[in-house]
Amino acid sequence: MATLEKIRSKSVFLIVVIGVALLAFIIGDALTNSRNILGDHTTVAKVGSTKIDITDYQRKREELNNQLEEARRNNPAQFANFDTQILPEMALEQLMQEAIVLDAAEKAGVRSTGNLLRYYMLENPRNPEVMNLVRQLNAAGLSVQTPQQAYEVIFNPKRNGLTDAQVEPFQRAWLAAEKATEKMIKQTVYQRLLVGAVKPNDLDKKALYNDYIATTNVDVAFLPFGNLDEKTYPVSDQEVKDRYNKEKEMYKVAEPTREISFIAVNITPSEADQKASKELAAQTVAELSKGSQLSKELKKEGVNVTRHALRAADIPAGPAKEYILNGGVDTARLVSENIGGFTVVRVAGRKADVDSIQLNIVSTATEAIGKRVLAALNGGLPADSVMSRFSADSVATQLNQWLPLYNADGATNALPKNQLDSLKNAGGRFIALQQGAQGMLLAQIVKQNAPVTIYEYDEATYTLTPSQKTKSDARTAFEKFLGANNTVEKFNANASKAGYNVQKFTVTSSTPAVPRFQGMDQYYPESRQVIRWVMIDGEKGEVSHIYNSSDATHPAMYAVAIDDTYDEYVPVTNKNVHDDIASRIRADKAGDKLVAQYQKKTQSIQSAAQAMGVEVKNYPSLRFGMNSGVRDQGVVGRISGAKADKKVNITKGDDGVYVYQVMGKENQNFPYNEQMYNQQYFQFINPDLMLMLQGTDRVKNNIYKFEAGD
């Protein structure tokens with residue numbers, strides 16, 4: 001009884017303990033299930049067991065961004081319009097290829113030896129981080145020129161007068177670079193092994209050789225199908241379905257795919273905006289006619305003024321140039337006005353100035369030597385004798401150097417005005433341009449060009465952009481259209497009536513943004529967010545809300561409707577698929593009919609050609625698999641395999657009806673080169689090494705779950 005009472009007294013406590021344990025079990029199970037349902041929240045992409053983690057992806061994105069910034073600094077013209085919307089796919093593709101190859105290398109047991117690591121880290125560094133470490137050490141005041149010297153400083157600090165704490169960050173960076181280089185070595189070695197695995201045997205090489213030396217002399221009469229009439233050669237939906245079922249693998253997709261209808265609305269200045277621009281232009285002319293300064297009101301509206309001082313040859317051709325050369329000083333004129341804005345020019349003045357001078361320059365190691373050299377030069381010593389009079393270690397000369405004072409951009413400011421004036425006023429004598437503890441820089445004007453006219457003018461420019469009201473009105477109209485046409489059927493049916501143009505595209509998670517044209521690598525600005533909605537949030541038949549491109553000069557709005565979705569195969573209902581199959585069935589029917597029609601007219605190739613209304617062409621050296629003039633390779637194969645019996649043959653091809661007569665065959669005398677046919681075999685096979693490693697695993701691309709949120 002005592003025991004029972006104790007249990008009863010503890011019952012509430014036990015219930016609480018059991019309840020907490022049960023709740024913990026339920027929550028834990030729920031969390032596990034939710035992870036299974038929602039997927040790995042840090043995996044950007046996955047193929048088989050190979051994953052790309054968000055941290056690796058972000059690192060690669062930053063790396064590509066840095067490379068792009070450097071490219072823009074070194075070659076701004078080429079990379080000025082580079083579309084950064086493609087960077088996510090570039091980063092992911094590189095990471096996937098690296099990961100797939102590395103995973104295969106690990107499974108194959110490929111290892112990075114110490115000798116290889118030493119070679120790629122010290123002797124021939126492939127990892128850019130190694131040379132980056134060299135630069136960082138120099139920036140920190142540690143003079144090193146090679147990876148070997150960097151390694152010595154980093155891992156033998158005391159020998160180089162450093163503490164362990166000073167080099168510890170560099171040691172971490174070096175070890176990280178080693179780890180990355182080990183991966184690179186494994187990938188490189190495995191890729192070489194993989195390429196080496198695709199080799200021909202002796203029969204393959206001999207077959208390629210035989211196909212190359214074997215030529216056929218053949219006469220051909222070809223009647224192309226052209227545009228086949230659908231009524232003459234009807235194709236039923238059932239015929240299309242039957243052919244589709246036989247050839248379904250041709251239409252397999254690599255990843256989930258969407259067919260979309262897309263509208264881009266480019267907002268342009270309204271008539272009211274253009275009228276306001278004209279008023280601004282008139283006001284700008286009036287203000288510049290009074291002086292070079294513009295009022296705060298005009299500057300606030302976006303009118304900008306730039307002062308130029310150019311030679312006549314450097315002034316851009318056009319209406320402005322004529323006015324700058326001939327217009328009155330302190331007068332202004334509107335020289336350009338269109339839907340893009342306007343340009344007003346004010347002639348500020350004209351002056352005569354020397355545009356280039358020729359100098360003798362002498363530099364000295366110390367100020368004391370400089371004074372001696374200066375005295376000698378101005379005492380009559382020729383400039384070209386300085387090196388022989390004074391020690392070569394203490395002086396250096398640059399003789400007869402032309403220095404441009406003006407170029408296509410205006411005054412070069414190659415020398416400060418006070419130095420230039422001193423040179424001009426020196427009367428041909430040497431003067432000291434610089435002097436101090438670091439030595440002296442002496443210069444003398446040898447020759448100067450005759451003065452030319454320098455035209456000084458102010459250029460006021462204004463870029464016309466849609467006003468806030470214009471943008472608001474365009475958005476209101478677009479919202480009204482989408483509100484009334486919120487299904488894919490209405491969206492497509494009524495767009496043109498409302499003045500909108502619908503474009504059709506096929507997109508996947510690997511599509512960087514909405515392309516301007518199907519199959520082209522040019523994209524609508526900031527349209528990546530549209531693809532995200534299509535691939536992540538939208539459903540078949542739905543219409544999106546409005547997306548905006550924030551370009552101030554060329555603002556735009558986008559909307560999209562999802563026409564169809566498919567994950568495995570493009571369906572036969574797809575118009576492109578249906579039309580492709582139907583056209584090939586129609587060609588088959590036309591071929592059969594035309595072969596039967598002209599079969600009886602093939603007593604000779606000339607009679608067949610006459611009946612078809614075409615000419616006979618001779619190909620004296622037709623080779624199998626080569627560009628021979630006969631486009632249908634199936635027909636080329638039949639010709640190459642036929643006997644030289646001069647029999648007249650008729651056959652249908654993919655593109656028309658062929659009548660051919662093999663007149664002769666010959667094996668040309670070319671030497672057999674085993675290495676050449678090794679290379680030709682690889683080119684002929686053209687193996688997709690990544691696809692070989694990937695096998696049947698499909699890439700699961702989650703990139704839009706991490707980027708371009710709406």
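Strand 8 and strand 9 (residues 395-404) run antiparallel and are joined by eight bridges. The model is predicted: local features require pLDDT of at least 70 and side-chain atom pairs pLDDT 80 or more, while totals for chains, interfaces and linings use all residues. Residues are numbered from 1 along each chain as its sequence is written, and side-chain values use heavy atoms, with hydrogens and water left out. Helices (H or I, at least four residues) and strands (E, at least two) are DSSP runs, numbered from the N terminus; two strands pair if DSSP finds at least two bridges between them.

Strand 8 (residues 356-364) is largely enclosed by the rest of the structure, because seven of its nine residues are buried. Buried means under 20% relative accessible area, exposed over 50%, and partly exposed in between (1.4 Å probe, protein chains only).

Strand 9 also holds asparagine 400. This residue has a positive phi of about 55° although it is not a glycine, and it is partly exposed, with a relative accessible area of 45%. Lysine 646, likewise not a glycine, has a positive phi near 60°. Lysine 646 is found in the loop between helix 22 (633-641) and strand 19 (648-652) and counts as partly exposed at 48% relative accessibility.

Helix 13 (residues 319-326) has Ala320, Tyr323 and Ile324 as its buried residues. They cover an arc of only 100° around the axis, so they lie on the same side of helix 13; the arc is that of the directions from the helix axis to the C-beta atoms. An α-helix has 3.6 residues a turn, so residues three or four places apart point the same way. The buried residues of helix 13 pack against strand 6 (332-338), strand 7 (341-353) and strand 14 (452-463), with contact meaning heavy atoms within 4.5 Å. Exposed Glu322 and Asn326 are on the face turned away from the buried side.

The axes of helix 9 (residues 202-213) and helix 23 (residues 674-685) come within 9 Å and cross at roughly 95°. Helix 9 is therefore roughly perpendicular to helix 23, a term for angles of 65 to 115 degrees. Axes are lines fitted to C-alpha atoms, for helices over the stretch in contact, and angles run from 0 to 180 degrees between N-to-C directions. Among the residues making the contact are Tyr209 and Tyr212 of helix 9 and Tyr677 and Tyr681 of helix 23.

Key: Angles under 35 degrees count as roughly parallel, over 145 as roughly antiparallel, 65 to 115 as roughly perpendicular and the rest as oblique.
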